[in-house]
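Have a look at the fold first, then read on.

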Amino acid sequence: SVVSAFGGFAGIGSLLRLWRNLGPNIYTLVGGIGFLALALTGVAMTAVYSATGIEWIHIFIGGSFVASLIPFSLALFYAEPADEIENIEEEDEDVGLVAVQV
């Protein structure tokens with residue numbers, strides 16, 4: 001449905017923000033990809049459940065949404081320190097990207 005498409009775009013946006021604003025490093029990239037893949041697996045399992053009506057598929061629906069927080073949390077754990085983000089901000093001025101410090 002249209003709502004699933006918007007959710008997919010939001011997931012891609014979350015992946016890019018997680019990777020770019022907290023890194024960029026391999027941990028934030030893999031964490032973002034893992035988050036998106038597991039969240040979309042939950043969406044796919046919901047579609048399977050709607051088509052089949054098999055109740056035990058709820059295990060995979062809930063499990064994939066809960067498990068998507070594991071790579072997301074690992075990406076947060078391995079985020080770059082703020083002083084390294086300042087160096088990235090200086091490098092990105094030519095392409096118009098800005099790293100925001102919180």
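The protein has 5 helices and 0 strands, so going by the DSSP runs that define these elements, the order from the N terminus is simply α-α-α-α-α. Keep in mind that this is a predicted model. Its mean pLDDT is 80, and 78% of the residues reach 70 or more. Of the 102 residues, 25% count as buried. If you look at contacts between residues at least 6 apart in sequence, 55% of them join residues at least 24 apart.

**How the helices pack**

| Pair | Axis distance | Angle |
|---|---|---|
| H2 and H3 | within 7 Å | roughly 165 degrees |
| H2 and H4 | 7 Å | about 160 degrees |
| H3 and H4 | within 5 Å | roughly 0 degrees |

Start with H2 (residues 26-52) and H3 (residues 58-67), whose axes cross at roughly 165 degrees. That angle makes H2 roughly antiparallel to H3, and the crossing is left-handed. On the H2 side, the contact is made by Leu38, Ala39, Thr41, Gly42, Val43, Met45, Thr46 and Tyr49, while H3 brings His58, Phe60, Ile61, Ser64, Phe65 and Ala67. Sorted by class, that gives 9 nonpolar, 5 polar and no charged residues.

Next comes H2 against H4 (residues 69-77), at an angle of about 160 degrees. H2 and H4 are therefore roughly antiparallel to each other, and H2 passes H4 in a left-handed crossing. Here Tyr27, Thr28, Gly31, Gly34, Phe35 and Leu38 in H2 meet Pro71, Phe72 and Ala75 in H4. This contact divides into 6 nonpolar, 3 polar and no charged residues. Leu38 turns up in the contact of H2 with H3 and again in that of H2 with H4.

What about H3 and H4? Their axes come within 5 Å and cross at roughly 0 degrees, which makes H3 roughly parallel to H4. Phe65, Val66 and Ala67 of H3 make the contact with Leu69, Ile70 and Pro71 of H4. By class, you get 6 nonpolar, no polar and no charged residues.

**A few residues up close**

Where does serine 68 sit? Its place is in the loop between H3 and H4. Is serine 68 buried or exposed? Its relative accessibility is 3%, so serine 68 counts as buried. Setting aside its neighbours within four places in sequence, serine 68 is in contact with Phe35, Leu38 and Ala39. Phe35 and Leu38 also belong to the H2 side of the contact with H4, and Leu38 and Ala39 to the H2 side of the contact with H3.

Alanine 75 is in helix H4, and at 0% relative accessibility it counts as buried. Which residues does alanine 75 touch, leaving aside its neighbours within four places in sequence? They are Leu18, Tyr27, Thr28 and Gly31. Tyr27, Thr28 and Gly31 are part of the H2 side of the H2 and H4 contact. The C-alpha atoms of alanine 75 and glycine 34 are 41 residues apart along the chain and separated by 9.7 Å.

Isoleucine 70 is also in helix H4, but with a relative accessible area of 54% it is exposed.

Last, threonine 46, found in helix H2. With a relative accessible area of 32%, threonine 46 is partly exposed, and it is one of the H2 residues in the contact with H3. The C-alpha atoms of threonine 46 and glycine 62 are 16 residues apart along the chain, with 9.5 Å between them.

Terms used: Residues are numbered from 1 along each chain as its sequence is written. This is a predicted model: local features need pLDDT of at least 70, side-chain atom pairs count only at pLDDT 80 or more; totals for chains, interfaces and linings use all residues. Side-chain values use heavy atoms; hydrogens and water are left out. Axes are lines fitted to C-alpha atoms, for helices over the stretch in contact, and angles run from 0 to 180 degrees between N-to-C directions. Helices (H or I, at least four residues) and strands (E, at least two) are DSSP runs, numbered from the N terminus. Angles under 35 degrees count as roughly parallel, over 145 as roughly antiparallel, 65 to 115 as roughly perpendicular and the rest as oblique. A crossing is left-handed if the near helix is turned anticlockwise from the far one by less than a right angle, and right-handed if clockwise. Contact means heavy atoms within 4.5 Å. Ala, Val, Leu, Ile, Met, Phe, Trp, Tyr, Cys and Pro count as nonpolar, Asp, Glu, Lys and Arg as charged, and the others, Gly among them, as polar. pLDDT is the predictor's confidence in each residue, from 0 to 100. Buried means under 20% relative accessible area, exposed over 50%, partly exposed in between (1.4 Å probe, protein chains only).
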